[in-house]
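Work through the following exercises with the sequence and the model side by side, and try each task before reading its solution.

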Amino acid sequence: MTDQRGPRPPSASELPWVLEALLFVADEPQPLGALARAAGVSEAAARRALAQLAADYEARGLRLIEDGQKYQLGAAPEYAPYIEQLLGGGPGQRLSRAALETLTIIAYRQPCTRAEIEAIRGVNSDRHVAILEQRGLIEQAGVGDGPGRPKLYRTTIRFLEHFGISSPKELPPLPEAPEDEVVQAEI
């Protein structure tokens with residue numbers, strides 16, 4: 001006879017390893033709430049255990065990747081050459097300069113609309129947004145309040161993996177614009 005209540009909640013010292021096992025078997029990034037429910041603990045306890053897990057990984061080949069909403073295990077960026085050697089890097093994996101510009105705007109302004117991207121770039125970005133979506137680097141994050149209810153875009157966990165960061169908070173600061181550029185942008 002099986003216990004219908006599920007497993008016992010893990011101890012505080014065991015919880016990081018329970019969450020590690022859950023993330024290891026998950027096919028896709030998992031929200032904090034789903035991890036906490038599966039472990040039978042509060043979201044606050046799960047968040048503390050995930051922070052401990054992330055700290056434990058700093059000296060190892062894994063990283064805990066989180067995009068503010070979901071968590072996933074990934075490889076440490078410094079081991080990318082070894083992973084590429086094992087898995088191979090197929091042709092066509094590079095992004096054009098225009099696609100990288102589009103991705104940069106989304107990464108720093110997220111969530112943002114296509115119109116905001118085009119206002120910054122000064123050109124149509126439909127194709128580049130589609131390419132970035134197709135490659136799984138960005139996703140729709142809802143709709144805006146403006147006319148036509150435009151789609152809002154944000155980066156994905158795949159973006160974080162690709163660029164070897166654990167969170168959008170780790171993006172480097174943008175350089176300060178020279179004074180004359182700021183004035184021109186306001187006109």
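**Exercise 1.** Determine at what angle α5 and α6 pack, and how far apart their axes lie.

*Solution.* In this predicted model, where local features need pLDDT of at least 70, side-chain atom pairs count only at pLDDT 80 or more, while totals for chains, interfaces and linings use all residues. Residues are numbered from 1 along each chain as its sequence is written, and side-chain values use heavy atoms, with hydrogens and water left out.

Step 1: list the residues in contact (heavy atoms within 4.5 Å); α5 contributes A98, E101, T102, I105, I106 and R109, and α6 contributes I117, I120 and R121.

**Exercise 2.** Find which residues have the most contacts inside the largest nonpolar core.

*Solution.* Step 1: collect buried (under 20% relative accessible area, 1.4 Å probe, protein chains only) Ala, Val, Leu, Ile, Met, Phe, Trp, Tyr and Cys residues joined through side-chain atoms within 4.5 Å; the largest such core has 19 residues, and L103, I106, L132, I138 and F159 have the most contacts inside it.

Step 1: assign helices; α5 (97-109), α7 (126-134) and α8 (157-163) each supply at least two core residues, and α5 gives the most, with 5.

Notes
Buried means under 20% relative accessible area, exposed over 50%, partly exposed in between (1.4 Å probe, protein chains only). Helices (H or I, at least four residues) and strands (E, at least two) are DSSP runs, numbered from the N terminus. Axes are lines fitted to C-alpha atoms, for helices over the stretch in contact, and angles run from 0 to 180 degrees between N-to-C directions.
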